[in-house]
Structure formats: structure tokens, C-alpha cells
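Good morning. Please have a look at it on the screen.

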Amino acid sequence: MANNFKEMLLNKQHHDPKDALVSADPNRFKKALRGNKYRIQGVGGFGGKRFLRKKGQFRRGLLAENARKKKQSANWVKRFRRRSRLALQHGAVETAKKSAVAAANNGNQNEQSNDPVYQELTSAKKGAGRLKARQRRHRNRKGKRLAKKLGKPVQTSYSRKSIRKMMKQRALKGATFSWRHPISSIRHLLKAILMLPVVIKSMAILLLVGLVFGLIALMSSMFGWLVPAMSTTADSKPLTDAYSYITELDTDATKKVIDSMANTDGNGRSLIINGQEATTDGIELISDFDRELAYLSIKYDDFTVDDAFKQKIKKLHDQMMSVTVDAKTVTVNLSSFDEWEKNHPKALSQDDKDRLDAMGQVGQYRTQEILGSPFEDQNATIMVNDRYAWRLRSGQKDMSNHIRISSEVGKKIVAVMSGTVTAVANGSVTIVTEGKRTVTGGLKTVTVKPNQEIKKGDQIGTSEKNITLQLVKITQQSASDESSSMPSSSSSSSSTSGSTVAANSAPLPPVEEELNPAFALPNVKYTYATTYGLVTSGGNLTGQDFDANKFHAAWIKYFSNGVLADKESYSIDAAKKAGVNPALIAAIMGTESSWGTSAAIRGANNPSGQMSGGTIIAYPSLEAGIDATGTTLHNLVVTRGLNTVQKLGAAYAPIGAINDPNNLNLNWVPNVNKLLGIFGFKSGDSIGNITLHDGGNSYPAGQCTWWAKARSGWAANNWGNGADWGSSAAAAGFSVDHTPQQGALVSFAAGQMVGNWQADPVYGHVAYVEAVDADKGTITISQGGTGFKQQPGPNLQTLGNVGAYTYIHPR
């Protein structure tokens, strides 16, 4: 019977395409069981329900066991699959069995019960029941645990649906809302809202939307706090007043330096600016005004520039710029705001520093920008080369009520605001709108007419090299404002009252206040900073006197990593051919080409940064670029006579140039001067046939001691006053006597006669012996000193009585 039963099972034709387990094809049966097309469902009943699902839908139920039991579950799942297969087979066997029993006419129950296959399938059916009971017990235990954690009454049995619901509630109850985890907090909040009833859910959503808008408003208020307006209006007058007072203090300091250097009371003074010996040539002291204004803004918020507030500004300014004058020296110390902050660590709180940083990032004057750019490209940088500020003109303080902006000849200039053109004259255009007036000057051509309505960005003309811009705030007075400020009189007659009303109702003239246009424009940069002349090795740049060994050592040190490494000899020859000092061409090529590594020299063979029409010039070879550098220096130094570094710098790298947006030309003269000494430059200022030497002269410029060291080239620093040089030189090992010698130094005692005049009764005097005439018994000296007309010298003089003086001989 058993064999017949199996045969009936295998011959059963099953037409359900989703159930390929019972088939006449054993291979198809095996493939289905392996899961190529269908997989056994993880959980579910067995009594006639569907046992197969498509691949990908299996991972539910048993495979959702805890991860800690994953390893244990693997063997159990394997056993479950086997039992499931047996259960499936058992279901098919039961169907075939019923048919077999109905067809049988003798009912062999004992024979079937003794069939081993039947016994195995019956055992599998019992195992499936035990499996379902086990799942039910596990589900009930889990439900009880969740109910206890959630504080709910414990039940004896739980469904899958109730378990899932309690798991969601448990997840929300354990969720933490923290600003440190905003995304997770928002996710938990949304989950909690979605579990609420509809009415409460709607209210919660509205509350959430309100919170979002409140957060945006809070951010806006914080932004306003971080970047405060200098006053309540965008074109505030107090900002301009504070800025103007700072520039006035700068101008007072500059004038003090110039006056102190000119008024020496018979004694020369040296000028020291931040430790560097300097001259007053082109001097203009400028403080870090932008940062000063930012500090005042966050420290005092809304302010009025009255006498008391000016004292606060002056105290800050004096800490950042000081001028000290004594009998021998004028000392100027300038510091940036960052340096001042380091020296005053308690001046700013952390909140103040954060606000300063925010202002620097978003733009300090962003709330003041009420005008557009005067250029067609509204994003172009506006280079201001002359400020709205106090400054010195012909030795007198003068206020400039406009700014000057760098431009190009023929460049299109547009209106900075909308309004009515009220005047066109002398290359300027005046535009008036409600509350303000602008005057744009320096125009080469004008394309608008009076009474013409114009919009911001419309062309008004073309520029010369520079244009100017003036901004005026217009405040219209009202009669009621005027009358309300005056005291009333109860004894006035009716006729008097009538006349008063008539007088007050008459229009009053508007109040006009000048504002700094640079605050109202976008993308403003300044093309200048503190300027002054440096006491340097100076001129004779056409000389060929240089230390070849020092030159070679410097070339190897600085040019070895660039393309000029093997061009030392060629550069020396090019300099000599051009008639300039080789140290000069090396210093300029090093400065302009970043020691032979810049893109201009690598890509265009241009070692000296030469440009044409704003474009770097390309040369066919590196040698051609070096020759072009020599030619340019010959034209400037030899032909035009720009034979000092400062004169050359004004033409070669002018401060405020259009092609120097980062204002790097401020460093050109100091850098080249420094490099000249590094590359062995020996010659100094050439005066007639007398040459001065640069040897780190620490004596006050213009004094006799300065001249004696510069002329000799071998005298040492710190030898004291002129009368002390003999004893100081002897202590240093020099030969000192009363015998004259050409090339020696001659020292005069305090109060000693120097020909027809007397040396200083305290300091004495010192000079250089240019020539000795033994037949006549005279010497010819060159000398410096503030009392002479020729500065710094040579002030030649012939003296007799030569044995009365002290001579210091060179080694």
C-alpha cells in the first residue's frame, strides 16, 4: 500500500503554477524547494493555507529574531525548513490518502499506520504544532515585557498587531530630544505626532510650523545682533562723524611728525617708524580705521559723536598710534587692531569677538550700502585711491568731502542710484532723489541731460583715469517740528497767533549732511596705507660696484628652486649692458617672479612682472625676458634719472595701481632695498664724485656722525658723539693720533674751532678727510650736520692748523 501511495502522490497533476511542489517532475519539485523561484514563508499556518511566497518576501517572522540569537537561530531555521518541507509533503499525502481510502474496498488502516513514510509525515505534523506553540509562547512573553515597560496591564496572550503597536510606543518613549542630535530629535517628534489623534495631530503640526517660523525669526534677530547697524538708519550720520574724527586724529599725528622734524632747535632729529629709520617724504599716517569703527559699533551700539564720545575715540586711537618727540628722535609706533587686541586682552569679550568676526565675514558696512556700483559690472571691485577724510595739503589740514575711484579712460560709468538729473557741468553729473544727492565727477563724456529721469545702472558717461563721488543726505524740515520745539505763550493775542501760524507753515530749508560715499558702495577696497620714505641704501643704481662673492651666495640661496637657477652670469651681463647695478636686476627679478617660480616666468618667460594693457608680456625665451628687464631698467634709471629705489618704485610699482588690487606695491620699495644689500650692493647716494657706503648706519640721518660712517664705510656704530669718536675708535683697536691722512676721520673736541665756526659745546664734531695738502699744511674735509645747507652733505671745507685735531685711521 505504501508504494501505491507514493506512486499516487508522484502521479498527481497539480495545475497551480505557484505551487510546483507536487508534480510528476521530481527535478521541478527539488528546484522549488531550493528556492530558485519560491521560498517557504517564515511564519504562518499549515492547515491548507498558502505555504509559498515569492523570493524577497521571506524575511519576516522567524528571521526577525534578536541579533544576539542569530547564531543559535541558524540551526533552528534549518530544522524548521526541513520540517516545513515534510509538512508540505504531508499535506499532499493527506489529499492522496483521502482519495486512496475512498477507492479502497478493504480499509487497511493498520497497514497504513505501519507504513514508515506515513509515520514520518505524521511526526512532522506534530512538530509543526509544537513550533506554532513555541512561537505563541515567545510572542506572549514579549508582550508581557513590553506591557510592563509601558506601564500597561499585563494580558495572558498577545497578537502580532498588538506587539508591533507596543514596540512603536516603546521606541517613542525611549526617544530623547536633544539639540545635539537635531535630525534624530525631529524624526522622533514627527513619529510622536503621527501617533496622535487627528485633531491633536493637526494642532501639533500647526505648533511645529509656528516653531519653525519662530526659529527663523530668532536667527534673523541673532544676525542683526551679530552685525549691528552703526545707527538706526542705513545712511547714518554718526558713522561718518566718527570716521571723520579718526582721520582728523591721523592728520594731527602726521602734522606733528613733520613739524617736529622741521623744527629741530639747531639739533637734527631722526625719524623712527616702527623701528625703521625713515624720512618724511610723502608721509601720511593712517590708522586701522575700519576695525576701530567696528569696535566702537559693538561696544557702544547707537552713539552720538559729541565731546565725551570723542574722548573715547581718542583714547583708542592713541593706543594704536603714538608720536613721541625728544631732542634727537621722533618715534612713531603704529599698530593694527589685531596687535592692539593682543596687547589689551580684556578689552573684548568672547561675544564681542564673535560679532567682529561676523561683521568681517558678511561685510562691515552691509547695512550702509544704499548705492550701486558706478561701473557697469556691479560686482567689480571699487578701488578708492583718495578717501573722504582729513589730510594735509601744503602743510595745512584739509577736508575732502568726496572719494576718488580708480578707473580707465573711456570706461562706461553708470548711475549709482535712481533719481532726477539736476545738473550737468564740468564733467560731473548730479542726481537727486528723495533724501539724498550724489555727484559723480571726473567724467570724460556725459550722456545725460538736466531734468532727465534716470534709473540705477543707466549710463551717465565715460570716465577719465579716475572718477569722484560725493554723497549728501537731505532731511526736509517741517513747520510743525520747528514750532513744537519752541515754547508757547498763553498771553499771545489772536493776531499774533495768526501770524505765528503763518510763519510756521512756511517751508523751511532742508538740512544737508555730507556722508562718506565709501560706506554706501559695495565691494570697496582702499589702494593705500601709511606711507613714508625709508632711509635706505638709496641711489647710484647705475654703478657697477657690488660684492661678487656675496652676489653668488645669495643667488644660490634664493634662485636655486626656480628657472633662473643657471642664469646668474647672464643676468650680470644683462645688467652691465643696461648700465644698472647687477644687484638691482637680481632684487627686482626675485621680487617679481617669486625667485623664479611664478606662473609668469614659467609660462611667459617674464622674470620682472612687465605688463602691457593689464596683460603679462610673453617673451620667446628666458634670456629675452632678462634682456627686456635690463632695457626697462635702463630707460627708467639711466634715461629718466630714477636713480633711487624710492624714485624707481614710484614708476615701476606705483602704490594704488589698477593691476594691484591687493595693494602689494606697498612692499616693493622696502623689499628691493633689503635685497640690494643681500646681493652685495655697495654704492650709496652719489653726490659729485663722493660716494657713500651702506653698512647698517644706526646714527641719526643728517648728523655729522651719520655722514662720517656713510662716507668712510668702515667706521662702527655706537661710537657716541663726534667728540667721543677718538677714544671709542682707539678702544676698538683703530690707530688714533694727530697726523692727517687722506681717507681718515677727523674728530673735533666739544667747543673746538672748525675753521671759522665752533663745534657744538657738548657733542663736538666729526668729519671725513677727503684730501691732504702737505705743502700748504691743510686738509679738505666733507661733513654732515643739520646746520649745513647741503643735506646730508658733503659740505666741503678746507682747514689749517691740522695738528690740533684727532685723526682716526682706517685699518
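The buried residues of α10 are Phe289, Glu292, Leu293, Ala294, Tyr295, Leu296, Ser297 and Ile298. Buried here means under 20% relative accessible area, exposed means over 50%, and partly exposed is in between, with a 1.4 Å probe and protein chains only. Helices are DSSP runs of H or I with at least four residues, strands are runs of E with at least two, and both are numbered from the N terminus.

Before I go on, a word on where this comes from. This is a predicted model, in which local features need pLDDT of at least 70 and side-chain atom pairs count only at pLDDT 80 or more, while totals for chains, interfaces and linings use all residues. Residues are numbered from 1 along each chain as its sequence is written, and side-chain values use heavy atoms, with hydrogens and water left out.

Back to α10. What covers its buried residues? The cover includes α9, α11 (307-320), α12 (337-343), α13 (350-362), α16 (517-520) and the strand β18 (524-526). Just after α10, Asp301 takes a positive phi of about 55 degrees.

Now to helix packing. Two packed helices are described by the angle between their axes and the distance between the axes. The axes are lines fitted to C-alpha atoms, for helices over the stretch in contact, and the angles run from 0 to 180 degrees between N-to-C directions.

Take α9 (residues 237-262) with α10 (residues 289-300): their axes come within 10 Å and cross at roughly 135 degrees. That makes α9 oblique to α10. For the wording, angles under 35 degrees are roughly parallel, over 145 roughly antiparallel, 65 to 115 roughly perpendicular, and the rest oblique.

Contact means heavy atoms within 4.5 Å. By class, this contact of α9 with α10 has six nonpolar residues, no polar ones and one charged. Ala, Val, Leu, Ile, Met, Phe, Trp, Tyr, Cys and Pro count as nonpolar, Asp, Glu, Lys and Arg as charged, and the others, Gly among them, as polar.

The next pair is α9 and α11, whose axes come within 10 Å and cross at roughly 45 degrees. That makes α9 oblique to α11, and the crossing is right-handed. Ala242, Tyr245, Ile246, Leu249 and Asp250 of α9 make the contact with Lys310, Ile313, Lys314 and His317 of α11. Those residues divide into five nonpolar, one polar and three charged.

Glu514 and Asp241 are 273 residues apart along the chain, and their C-alpha atoms are separated by 9.5 Å. Is Glu514 buried, partly exposed or exposed? At 30% relative accessibility, Glu514 counts as partly exposed.

Further along is α19 (582-593). Here 10 of the 12 residues are buried, so α19 is largely enclosed by the rest of the structure. Among the buried ones are Pro582, Leu584, Met589 and Ser593. In the loop between α19 and α20 (599-604) lies Trp595, which has a positive phi of about 60 degrees although it is not a glycine. Trp595 is partly exposed, with a relative accessible area of 22%.

To finish, the whole chain. Its secondary structure comes to 25 helices and 31 strands. Of the 811 residues, 40% count as buried. Among contacts between residues at least 6 apart in sequence, 62% join residues at least 24 apart.

Notes
A crossing is left-handed if the near helix is turned anticlockwise from the far one by less than a right angle, and right-handed if clockwise.
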